[in-house]
Amino acid sequence: MGLSTPAAASHRALADLRRPRGRRATEAAAHAVLLVATLAGIGFLAVLLADILRDGVPRLDLDFLISYSSRHPEQFGVLSSLTGTLSLMVLVALFSFPVGVGAALYLQEFAPDNRFTRLLQVNIANLAGVPSVVYGLLAAGVFVYFLGFGRSLFSGAMALSLLILPVIIVASREALRAVPTSIREAGLALGATPWQVTYRQVLPMAMPGVMTGTILALSRAIGEAAPVLVAGAVFSRRATNEPWKMGEAFAAMPVQIFDLVKRPQHAFQIEVAAAGIVVLLGALLLMNAVAIVLRNRYSRRW
Amino acid sequence: MSRGTARANPLARSSGRPGEKVVLGLLFACGALSIVTTVAIVAVLLVEGSAFFGSISLVEFVTDTRWQPFGEPGSAGFRVGIAPLVAGTLLVTGIGLVVAVPLGLGTAMYLSEYARPRARAILKPILEVLAGVPTVVLGFFALTFVTPLLQDIFGARTIDIYNAGSAGIVVGLMIVPTIASLSEDAMSAVPRELREAAYGVGATTRQVVARVVFPAALSGIVAAVILGMGRAIGETMIVSIAAGNLPTLTVMPGAQVQTMTAYIVQAVGGESARGSLTYQSIFAVGLVLFAMTLALNVVAQRVVRRFTQEYG
């Protein structure tokens, strides 16, 4: 008894320290508040999706995808906006993928550690924070007027390409950084030139990460309305139905949705707009799924 | 290693072959394009914006309290004070931050300190999905769901069809993922030893979060909030759809306002001819918008660099 008492007392003291009186309730409350904060964002997303599906799905059918614009809500279709968005995506990918990967290769593999390189890095970080509508103004000033491309598919594609370049550069650098230095050293030791090592060893190994980042950046680009609206997209009633004409006014899904939401008629504003949103979200979901598959299937750990 | 691997990289040395030099030159050009982009943005805004200030005095632009840039200068009703547009932008951004800061920081604390790995693995991708929803979709939701909800609660007399409140709430939810993920990065970077020491002297999880992790990560958290604020200021489609197009100098969340970004979209939609004052005004407003977001970016970078504590 004489021996056990101090031990029991110290054990109790330790328990008191771990769970002092009244603290348990505050702890639980803090935990609950933070959990609710986390679930609020997710709840918002759930309500958003449910609302859009409820409004949009009844109006959605095959005709909606293969019809052009119409004054009658029940005959309205998004074909011209859909083809416009697809052509935009192809153009943006053709430009931003090689340029973004090139810039990432330069910064990650070749750039000397000097003031200019640091300026480049800070500049790319700042460009990522420039509002998308400002890229629209850039394209309006440079491509629409100064270079004379007019309000066209090309001008819109350039606005989006410049907008997502920082995203592609950052993601590609991350993927390149994950390739171990030993691979490069081994290549050089075998007598390969730096570019041979880059092109045949480093880049293929980083490609899954680069592709994932590019697809996610592209999915951001095709959801953007503001830059293309400023740089040349029009609403589908006046757009070209031949999206391969790069110099013509074009329609795009997000811009079309904006036009529909702004209309006074309830059928356009709610049902047709929501159906358009379902199509756009479906396209984004598809792209994200491809990106996730690429990431899971080809990603390697070192 | 920390800032790019340029120094440690074995490839970063010159090769004698001319072909290699050409390729390196091309890669350099890709990188330098980002500098060209920045210069072009500034040049376009300054050239077109200065044309605007050729016919409008800067004093009027800053001090006038009305924004009515339609018609000819000097004609009745032509007033170009940017104050209502800036006020509209700040009102929406302020409401957004009231929503986003508690939710974003709460989410970050939960994910970083409370959530188990499995919960994190489920919750984080969902937040990424939220970050990927196009803003035109969020605008639709603000106008057709949030506004009617606010009207039901506060009455249609206090809440206009187009109002700063509903746009601000949805803008806030839009930047929750930005603030949450950047703050969580900052909190996760706090060394484990600090937490273990605090737990070792008997602190509870809440105390560790509030008195150890939060203060240690404060610079990163402040930077996250500033970057979120920059995104809110530059957000265009939500406000164009839900906040309206009536430049108003007000602090009432139920009132219709116009933000700088919404004005740009409205004026472009009017397809004003190049050289007209309306066309130039778009770039003048764009210049103010660009300056505000750039300043926030620079401040955020400074905060991180200046107040980051080095551990180990």
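Biologist: Where is A:Glu271 found?

Modeller: A:Glu271 is found in helix α12 (residues 266-298) of chain A. Helices are DSSP runs of H or I with at least four residues, strands are E runs with at least two, and both are numbered from the N terminus. This is a predicted model, in which local features need pLDDT of at least 70, side-chain atom pairs count only at pLDDT 80 or more, and totals for chains, interfaces and linings use all residues. Residues are numbered from 1 along each chain as its sequence is written, while chains are lettered from A and ligands numbered from 1 in the order in which they are written.

Biologist: Why does A:Glu271 count as buried?

Modeller: A:Glu271 counts as buried because it has 21 C-beta neighbours inside 10 Å. The cut-offs are 20 or more other C-beta atoms within 10 Å for buried, 12 or fewer for exposed, and anything in between for partly exposed, with C-beta atoms placed from the backbone.

Biologist: And what does A:Glu271 touch?

Modeller: Leaving out residues up to four places away in sequence, A:Glu271 touches A:Asp55, A:Pro58, A:Arg59 and A:Pro73. Two residues are in contact if their C-beta atoms, placed from the backbone, lie within 7 Å. By comparison, A:Pro194 is 77 residues away along the chain, and its C-alpha atom is separated from that of A:Glu271 by 57 Å.

Biologist: At what angle do α9 of chain A and α12(A) pack?

Modeller: Helix α9 (residues 194-223) of chain A and α12(A) pack at about 170 degrees, with their axes 9 Å apart. Axes are lines fitted to C-alpha atoms, for helices over the stretch in contact, and angles run from 0 to 180 degrees between N-to-C directions. α9(A) and α12(A) are therefore roughly antiparallel; that label applies over 145 degrees, whereas under 35 is roughly parallel, 65 to 115 roughly perpendicular and the rest oblique.

Biologist: Which residues in α9(A) and α12(A) meet?

Modeller: On α9(A) they include A:Met211, A:Ile215 and A:Ile222, and on α12(A) they include A:Leu284, A:Met287 and A:Leu294. By class, this contact of α9(A) with α12(A) has 14 nonpolar, four polar and one charged residues. Here Ala, Val, Leu, Ile, Met, Phe, Trp, Tyr, Cys and Pro count as nonpolar, Asp, Glu, Lys and Arg as charged, and the others, Gly among them, as polar.

Biologist: How many helices and strands has chain A?

Modeller: Chain A has twelve helices and zero strands. Buried residues make up 48% of its 302 residues. Of the contacts in chain A with a separation of 6 or more, 74% are between residues 24 or more positions apart.

Biologist: What does the domain assignment of chain A give?

Modeller: The assignment gives domain 1 (22-59) and domain 2 (62-298); such bounds come from an automatic or database assignment. The C-alpha centres of these two domains of chain A lie 31 Å apart. Their contact takes seven residues from domain 1 of chain A and eight residues from domain 2 of chain A.

Biologist: How many helices and strands are there in chain B?

Modeller: Chain B has twelve helices and two strands. Its elements run α-α-β-β-α-α-α-α-α-α-α-α-α-α from the N terminus on. Of the 312 residues in chain B, 49% are buried, and the C-alpha trace of chain B spans about 70 × 70 × 35 Å along its principal axes.

Biologist: How many residues does the contact take from chain B and chain A?

Modeller: The contact takes 77 residues from chain B and 77 residues from chain A. On the side of chain B that touches chain A, the largest share, 18 residues, comes from helix α1 (residues 18-55) of chain B. That side of chain B divides into 48 nonpolar, 23 polar and six charged residues.

Biologist: And which domains does the assignment give for chain B?

Modeller: Chain B is assigned domain 1 (18-79) and domain 2 (83-307), with C-alpha centres 25 Å apart. In chain B, 16 residues of domain 1 are in contact with 14 residues of domain 2. On the side of domain 1 of chain B that touches domain 2 of chain B, α1(B) gives the most, with nine residues.
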